[in-house]
Structure formats: structure tokens, C-alpha cells
Amino acid sequence: MTPILELRNVSKRFHAGTDVTVLSEISLTIYQGEKVAVVGASGSGKSTLLSILGTLERPSAGSIMFDGQSIDELSDRALSRIRARKLGFVFQSFNLLARLTAIENVCEAMMYSRVGRQERRDRAHQALASVGLEHRLDHYPHQLSGGEQQRVAIARALANGPAVILADEPTGNLDHLTGEAVVTAMLEGSRGTAVIIVTHDLSVSGRLDRQLHIESGRLLG
Amino acid sequence: MGPSDLIARAISALLARPGRTILSALGVAVSIGALVGVLGISSTTRAGLLAQLSSLGDVLTVESTINDPNVRNLLPGRSLATLRVIPTVQAVAGIRALSGSAYRTDLIPADQTRGLSVVAFSGDIAGATGTRAIVVRRLDAGVALPEVLLGAQAAEQLGVTAELLPTRVWVSDRWLYAVGILSPTLNHSGVDLSVFVPAAYAMKAMDFDGNFNTIYVRAPLDTSDTVSSLLPATIDPSGTAGVRVFRASDALTAAADAATAFQSLLLALAAVGLLVAGFGIMNTLMVAVVERRAEIGIRRALGATRTSIALLFMTEGFVVATIGGLSGVVFGIWATLLAAWQEHVHPLIPVEVVLAGLCISLGVAAVASLYPALHAARMSPSEALRTMA
């Protein structure tokens with residue numbers, strides 16, 4: 001198996017009057033196509049870990065390899081390029097752009113990876129069809145149910161054909177059945193893509209290849 | 001993210017808050033409108049003036065500086081013939097103020113002069129004063145009364161219109177026939193308030209000695225300076241009359257320059273307006289940045305660089321300024337056309353003023369949107385996303 005993301009002794013500290021260590025000496029490897037759950041109590045550092053894995057935040061110490069390359073010294077522009085081309089995000093509160101329709105939201109993700117306009121639309125159409133939303137292409141977020149909005153977000157994450165999808169509590173705002181369906185859509189659509197899901201939901205973590213337990217910023221195993 | 005993507009997103013964001021967008025654009029529109037309008041109107045007025053001057057020629061007024069009522073031979077009548085010989089001179093006329101005034105009828109009390117003066121004239125008075133004898137109706141043969149011309153305002157004061165000509169007017173205690181009305185002079189000189197009696201009649205019946213106190217000479221604008229320098233020596237070779245020459249073009253140019261001072265004040269006000277409009281755009285964008293933290297976070301997660309985020313907000317500023325700038329230019333052009341129409345002159349809107357208006361509005365947008373754009377670009381993506389969650 002080929003590693004796609006490797007963290008070596010990664011720590012994250014914040015300065016809020018006093019130093020707060022949110023992550024401490026985390027080392028882990030995520031392999032291509034692997035489905036991983038990150039579980040732990042609230043405030044244990046799961047979301048911060050996801051932000052670091054998603055290059056949205058830089059670690060205070062330690063090093064990160066993405067697809068065999070160190071990203072520690074990369075510029076903001078280079079990290080943005082990695083996010084645009086190789087990473088997909090799914091958030092708890094869906095995070096769709098309210099002014100855009102479902103298909104436009106999906107297209108938006110490809111705009112930053114310089115995909116041509118027509119190709120964006122074709123791929124967005126395909127991605128939405130793959131999550132069962134072909135009939136909702138021109139609906140605005142407020143015209144969609146929570147489950148549908150999350151499926152648009154999944155389509156947006158999948159549309160670019162990323163190497164890694166990072167999902168932060170993707171079922172947190174959904175009922176159990178809808179949550180199940182959303183996770184199914186995500187797992188089915190991401191064959192060959194590594195998926196890292198931060199979740200409290202045992203039924204979600206149970207469906208994945210591996211569970212990483214975090215407690216007070218430390219990886220338990 | 002190409003320019004068309006940026007513009008499309010900026011327009012979509014602005015359309016989401018139309019009221020705010022219109023108010024921001026209005027600030028720019030008013031200032032740019034004032035700028036284009038002020039410069040357009042002044043250019044139009046100046047161009048109209050120059051066109052009139054160059055079509056009519058310059059009017060040179062020659063007067064004696066000797067202010068002694070006992071000196072009668074001020075500007076000799078024979079000098080008119082000499083002046084006509086000066087190259088490029090187009091028309092020459094001399095006048096001499098006579099006693100008395102002019103009235104519509106002999107029943108009007110003598111003290112109600114309405115500021116009119118009676119002058120004896122010789123030569124081409126309409127041509128030399130840069131006016132046109134707009135209506136001249138000759139008397140029928142056999143009417144023995146002498147014919148007079150009325151200045152534009154004199155005709156108005158006397159209640160004489162073109163349709164009434166020829167008509168009797170009471171001039172210096174006698175009936176004379178008004179046969180023509182002169183058009184108004186460009187510089188609203190005393191000519192407009194005068195009643196012109198032919199010199200031949202005035203010498204015979206009104207105690208006029210044939211010498212003038214004012215001589216008008218018309219010459220083309222480009223040679224009026226040279227002609228003006230030749231006049232004193234030609235009229236008064238001995239230099240005893242103390243001849244002084246005034247150019248109408250000087251007075252008109254001075255008037256146009258005086259208007260420029262007022263124009264500077266208006267332009268300064270427009271500049272202040274632009275400054276305020278700039279702060280308006282900055283404020284609107286700052287509010288937008290705060291309101292759209294979540295969007296900034298999402299876009300950063302989707303791969304937007306800091307530059308893309310900054311450009312997104314700057315483009316919104318540019319779109320607002322362009323809407324405002326274009327509306328302002330249209331407003332300024334409309335104001336100039338209206339002014340030109342009212343003053344019956346050909347409108348002149350310099351292209352550089354229009355371009356400057358648009359460039360200035362874009363410049364204001366660039367400065368005003370820079371701070372909000374940088375503020376948005378510097379936002380940490382994870383923090384922006386956390387705020388929303």
C-alpha cells in the first residue's frame with residue numbers, strides 16, 4: 001500500500017493568553033484508498049487534526065508528507081493548489097454557498113483547479129447524478145433537505161477526483177437514516193480515494209477500515 | 001479563476017444585496033457626474049464663445065483717455081477712412097454720444113430714460129460691433145424722416161419688435177423712424193443700450209460736429225492683436241488724444257477665466273464627494289467581508305489562494321465603481337447636453353474627461369477595496385470555517 005498522507009510528530013499549540021497544546025506528537029500514515037475514522041471526545045483535537053491534514057492549518061511542530069512530498073515549507077499558494085486538486089472537504093453544516101444552485105456549488109470547487117467551464121458543468125452533473133441528485137441540479141441550498149445538501153457537498157468533494165476526502169462530522173446535523181445514506185453515498189463515490197471522517201457516530205466509524213482514537217490531543221492507537 | 005469567473009461572482013454577490021450596491025454606486029455616480037458635467041459644460045461654453053468670436057471676429061473699441069468736456073475733437077471723423085485701409089480690418093464705425101434719450105412716444109416723461117443713450121454713428125455699425133442688423137426694413141420712398149437703428153436692449157426697452165418695423169420713436173425731442181434692430185453684442189457692451197442716429201442727420205439737426213468719442217473696428221481674431229497695435233498711431237498720429245484700445249476677446253477670455261475659478265471649486269467638491277464615495281465602498285466591502293467569513297473559509301478549503309480571495313472583493317469594488325462611473329458619465333453628458341441646448345451652443349464633451357471620469361472611479365475603487373480585500377485574504381481558512389460551525 002502506498003501512503004498518501006504521513007504525519008511525523010505533529011503538534012499544534014495555540015496562544016490564548018497561555019499556551020494551549022491541542023495536538024501533541026501525532027504520527028500517523030493514511031494509505032491510498034483507505035477509509036479512516038477519527039473518533040474522540042469533544043475538544044480532543046479531532047477537528048484541528050483534520051484542518052492540519054487538509055492543509056487549512058500549519059502544525060506548530062512536526063512534518064507532513066503528502067503523496068510522497070514534504071509540504072512543510074510549501075507556500076500558501078502551493079497548499080491552495082493541493083487543496084484545489086487533491087483534497088475534498090465535507091463539513092458538518094454542509095457549507096454550501098447559499099447564492100449558488102446545487103450544480104453551481106459543485107462547479108465552484110473545480111474553478112480553483114482551472115477546469116474549463118463546460119467540463120466543470122459536465123463533471124458536476126455527473127457527480128450530482130452519482131449521489132442521486134440529478135433532479136435537483138438547479139435547486140438552491142434552501143430548497144434542499146439537510147441530507148440533500150450534504151450529498152451536494154459530497155458531490156462537490158468528489159467532482160475534482162481528489163486523492164483524499166476529509167469529512168468533519170458529516171452526519172452530525174442529520175437523522176440516523178439520512179446519515180447512513182450520506183455515508184454510503186460518500187463511500188461508494190470515493191472508491192480509490194482515501195477518506196478520513198471525524199465522527200462521534202459509532203455506526204459511521206464501524207463501517208470504515210480503521211479507527212484512530214484521539215484523547216487530549218494524543219493518538220491512542 | 002479567470003477574469004470572467006471573478007466578474008460573474010462579483011456581480012452575483014452584489015445582486016444579492018442590491019440596495020447596498022446601488023447606494024455605494026450612487027456616491028461614485030454623483031461625484032463623477034459632477035466632474036464630467038462641470039468640465040463638459042465649461043468646455044462647451046468656452047468652445048461656443050471661441051466659435052462665435054472666430055466667426056464674428058474680434059471687436060476693438062477705441063476711446064480717448066481725455067476726459068475733458070471742452071475738448072471736442074477727440075477722434076477725428078476722417079480717421080474712419082484711414083482705418084479701413086489697415087489690412088484685414090473688416091468693418092469700421094464711429095459713434096458720438098448725443099444729448100437726450102429715446103422714448104417710445106412723446107408722452108413719456110423725460111426722466112424715464114431706461115438707461116438708453118442716443119448716439120450719432122457713421123460707418124458699418126452692425127459689422128464693426130460684431131452684431132448683425134437682424135431686421136432692417138427700409139422706409140417707403142417719400143417718407144422724409146431719418147432712419148435709426150436700435151441696439152438689442154434698446155429695442156426691448158422701447159417695446160419695438162421686428163414685426164413693428166419701421167416704427168416711429170421719440171428721440172431727443174423729435175420723431176425718428178426705427179428701421180433696424182441689432183443683435184446682442186457678445187460682451188453686452190453699451191452698444192446694446194444705444195439708439196443709432198445717422199451722422200449726416202445728426203450733423204444737420206442735432207449739433208454733432210463729426211468727431212467721435214468711440215470707434216469700433218472689427219478684425220479677425222488671429223490678426224486683432226496686430227490691428228490693435230496699429231490703431232493709436234493711425235487715429236491720432238500726434239498722440240494728443242491719448243487713444244486707448246480695448247479688445248472684446250480680452251474681456252471675454254477674462255470672463256471665461258473667472259468662470260474657471262468657480263469650476264475649480266466645483267471640482268474640489270466633486271473630489272471630496274469621491275473621497276466620501278471611496279469610504280462608502282470601503283465600508284460596504286468591510287461589512288461584506290465580515291458577513292461572508294464562511295464563504296471565504298469555504299472558498300479557501302476549495303483551493304482559493306489568498307490572491308483569489310483578495311481579487312474577489314476587489315472585483316466587487318471595481319464593479320460598483322464601474323456602475324457608478326458609467327452612470328456618472330451618462331449624467332455628466334446629459335447635464336452638458338442640457339446646458340448646451342439651453343445656451344444654443346454646440347455641446348463639447350472632451351473624450352479625455354470621460355476617460356478620466358472612468359479611470360478616477362476605478363482608481364477610487366482600487367484604493368477603497370484594497371484594505372477590505374487584504375483583510376479577507378489574510379483570514380485564516382480554518383478560523384473562518386470554525387466561526388460558521
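This is a predicted model: local features need pLDDT of at least 70, side-chain atom pairs count only at pLDDT 80 or more; totals for chains, interfaces and linings use all residues.
Turn to chain A and take in its overall form. Chain A holds seven helices and ten strands. Along its principal axes, its C-alpha trace spans about 50 × 40 × 35 Å. How does the radius of gyration of chain A fit a compact globule? For 221 residues, such a globule would have a radius of gyration near 17 Å, and chain A has 17 Å, so the two agree. Of these 221 residues, 50% count as buried. The contacts tell you something about the fold as well: among those in chain A with a separation of 6 or more, 71% are between residues 24 or more positions apart.

Now look for the sheets in chain A. One of them is an open sheet of four strands, in the order β2-β1-β4-β5, with antiparallel pairing. Its edges are β2 (18-31) and β5 (69-70) of chain A, each of which pairs on one side only. Inside this sheet, strand β1 (residues 3-16) of chain A runs antiparallel to strand β4 (residues 61-66) of chain A, and five bridges join them.

A:Asn9 lies in strand β1 of chain A, and its phi is near 50°, a positive value in a residue other than glycine. Is A:Asn9 buried or exposed? A:Asn9 has 12 C-beta neighbours inside 10 Å, and therefore counts as exposed.

Strand β6(A) pairs with strand β7 (residues 164-168) of chain A in the parallel sense, over four bridges. Across that pairing, A:Val90 has A:Ala167 as its bridge partner in β7(A).

Next, move over to chain B and its helices. Helix α2 (residues 18-56) of chain B has 39 residues, which should span 57 Å at 1.5 Å a residue; the C-alpha atoms at its ends are 53 Å apart, which agrees. Just after α2(B) comes B:Gly57, with a positive phi of about 90°. Helix α10(B) has 37 residues and reaches 53 Å from its first C-alpha to its last, close to the 54 Å expected at 1.5 Å a residue. Just after α10(B), B:His344 takes a positive phi of about 55°.

Which strands does it pair with? β1(B) pairs with strand β10 (residues 214-219) of chain B in the antiparallel sense over six bridges, and there B:Thr61 stands opposite B:Tyr216. Five bridges also join β1(B) to strand β11 (residues 243-247) of chain B, again running antiparallel. In β11(B), B:Arg247 is the bridge partner of B:Leu60.

Two loops of chain B hold details of the backbone. The peptide bond from B:Leu165 to B:Pro166 is cis, with omega near -10°, and B:Pro166 lies in the loop between α5 (152-158) and β7 (167-171) of chain B. In the loop between β7 and β8 (174-182) of chain B you will find B:Asp173, whose phi is near 65°, a positive value in a residue other than glycine. B:Asp173 is exposed, with 12 other C-beta atoms within 10 Å.

Finally, see how the chains meet. Here, 19 residues of chain B are in contact with 21 residues of chain A. On the chain B side, the elements that give two or more residues are α1 (3-16), α9 (293-302), α10 (306-342) and α12 (381-388) of chain B. The largest share, five residues, comes from α9(B). By class, this side of chain B has eleven nonpolar, five polar and three charged residues.

Conventions. Residues are numbered from 1 along each chain as its sequence is written. Chains are lettered from A and ligands numbered from 1 in the order in which they are written. Two residues are in contact if their C-beta atoms, placed from the backbone, lie within 7 Å. Ala, Val, Leu, Ile, Met, Phe, Trp, Tyr, Cys and Pro count as nonpolar, Asp, Glu, Lys and Arg as charged, and the others, Gly among them, as polar. The expected span of a helix is 1.5 Å times one less than its number of residues. The radius of gyration is taken over C-alpha atoms; the globule rule is 2.2 Å times the number of residues to the power 0.38. A residue is buried if 20 or more other C-beta atoms lie within 10 Å of its own, exposed if 12 or fewer, and partly exposed in between; C-beta atoms are placed from the backbone. Two strands pair if DSSP finds at least two bridges between them.
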